[in-house]
Each structure stands twice: as structure tokens, then as C-alpha cells.
Amino acid sequence: MPPIPALLDPAAQALHQAAQQPSAPRFDIYAGIHKALRTLMADTLVRLGRCDLDHADDLRDTLDRTILMLDLMASHIDSENAVIHTAIEARLPQGARQTTEDHVEHQHSIAALHQDVQALRQARPDLRPLLARHLYRQLALFVAENLAHMHVEETDNNATLWALYTDAEIGRLEGQIVGRLSPEKVMAYMRWLAISLSTAELTGFLQAMRLGAPAEAFDATLALIKSELSPERWDRLATSLQMGTLVPTATPTH
Ligand SMILES: [Fe+2]
């Protein structure tokens, strides 16, 4: 893809350059979810690498996790296409071309990885090592491609978004993304956010949620986060949220 500034007139180009190094922090729509997805991808790859292929439960659980990762990555692509890329292209035609093209490749990779998982699931025991090595390598390439891709989104696409939209507008785009997801999918992402974000980042997320979401949803999210954090991290988060002895009332999801 040509660099985005080449697509802009001189005034817009200057604006774009300024947005790449904002003087004040801007709203980063990618930062949190990409941290979560990096953790999910890395953890899944490691888990696949150490899977005991002769242990039925380990193999099943590892392949189930791999499918979950692929499904959450596919859903993430769908959200970015439908909301972020649509917003960029509405004000800058072709402005999201590189990452849109990347997404098409990623969708092909996800379909192929689904087939690789299925092949390993159904394979005779003597064929599992070969198929597992193939799946592990293909997943590693997928992770590598996505790490590079997310960097482009967090630099080039963010700079474009910041040149085209205010923080309030970008915040509303994030609201649109969350609004498109089922409650189950929100919780599936939340688990990975909980273990990937700093206490300060989780505090900001929860403070915003406490203001805008129903109490039940807030409690359920808090319970899920608590179930994922060590007691020490949970104490730091509770202190940061100034919760005192307040504990979530909802049932942890797992
Ligand atoms: Fe993406």
C-alpha cells in the first residue's frame, strides 16, 4: 500500500503528520483489544506447542482453544471492517486499503487453520505428530502476520483516524463495535482483556463502564475480571477503583 499521506492533499498531509505524534494523548481504539488478542494468540500458540497428542483431553481442549482464538480473530476482523475501516473510508477513500487487504488474507488463513484443526482432531494417532507440527507452524505464521498487521493499525490507521475524527467520535466508534457483539462474545474478549491490561487501564475501562452500562453487566464483568486476576492484582484494582470492601455480586462465568 502507498503510505497514507501520499493519498492526502498537502493540508491533510500536514494534519496526518501531526496526528502521528500528537502533543496530547489521543483516544486509541486499538490499544486494549490488541493487547488482549496478542495474549490470546501467544498463549494459544504456546499451548499448541506443548500439547500431549496422546492425551485425549489435552488434545481436545487445545484444539477447542485454537478454534476459540480463530473465532475471536474473525469476529475482530469483522468489527474493524464494519466500523473502523468504514469510518476511515467515509472521510478518506482508500485510507484503510492496506489493512482491508490484510483482512482478506487473514480470513483465508483462518479458514485454512480451521481445516488443519479438523484434520488433527480426526487423525489416526500415528498421523497426529505430523499434522500437529503443520498446524503449529501455520499458526505461528498467522500470529506473526497479525503482530505486524496490528502494528500498522496502531500507527498508520490511528494517525489517519486522529486526523479525521475527534476523540469523542472515535469513542463512539468503539461503542458501535461493542454494540455489535453478543454478550457471550463480549465476555470472551473480556477474559483476555482482564489478563492483558494494566491496573490503570482496567480501572479506566471499568470507570467508563460503571457510568454507562447496566449494573448487572458491570457486576458480571467485575466478577469475570476477579476470577482471572491474582489476589494481589485484584486488590490493586479494587483500590484503584476505590471499591473498598465492595465485591462483585454476580456469579463468575467460569
Ligand atoms: Fe485488523
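What is the handedness of the crossing in which α8 passes α9? It is left-handed. The points below concern a predicted model.

1. **α8 and α9: geometry.** Helix α8 covers residues 199–212 and helix α9 covers residues 215–228. They pack at an angle of about 160 degrees. Their axes are 10 Å apart. Angles over 145 degrees count as roughly antiparallel, so α8 and α9 are roughly antiparallel to each other.

2. **α8 and α9: contact.** From α8, the contact draws on Leu202, Phe205, Leu206, Met209 and Arg210. From α9 come Ala217, Phe218, Thr221, Leu222 and Ile225. By class, these residues are eight nonpolar, one polar and one charged.

3. **α3 and α5: geometry.** Helix α3 (residues 56–91) packs with helix α5 (residues 128–164) at an angle of about 25 degrees. The axes of α3 and α5 are 12 Å apart. Angles under 35 degrees count as roughly parallel, and α3 and α5 are therefore roughly parallel to each other. The crossing of α3 and α5 is left-handed.

4. **α3 and α5: contact.** Residues of α3 in this contact include Leu59, Leu63, Met69, Glu80, His85 and Arg91. On α5, the contact residues include Arg128, Leu135, Phe142, His149, Glu153 and Leu164. The contact of α3 with α5 has 12 nonpolar, six polar and four charged residues.

5. **Aromatic rings.** The count of aromatic pairs is zero, with ring centres required to lie within 6.5 Å. A charge does sit over a ring: Arg191 lies over the face of Trp192. The distance from the ring centre is 4.7 Å.

Notes. Residues numbered from 1 in each chain as written. Predicted model: local features only at pLDDT ≥ 70, side-chain atom pairs only at ≥ 80, totals over all residues. Heavy atoms only, no water. Axes fitted to C-alpha atoms, helices over the stretch in contact; angles between N-to-C directions. Helix = DSSP H or I, 4+ residues; strand = E, 2+ residues; numbered from the N terminus. Parallel < 35°, antiparallel > 145°, perpendicular 65-115°, else oblique. Left-handed = near helix turned anticlockwise from the far one by under 90°. Contact = heavy atoms within 4.5 Å. Nonpolar A, V, L, I, M, F, W, Y, C, P; charged D, E, K, R; others polar. Phe/Tyr/Trp six-rings, centres within 6.5 Å; stacked < 30°, edge-to-face > 60°. Lys NZ or Arg CZ within 6 Å of the ring centre and 35° of its normal.
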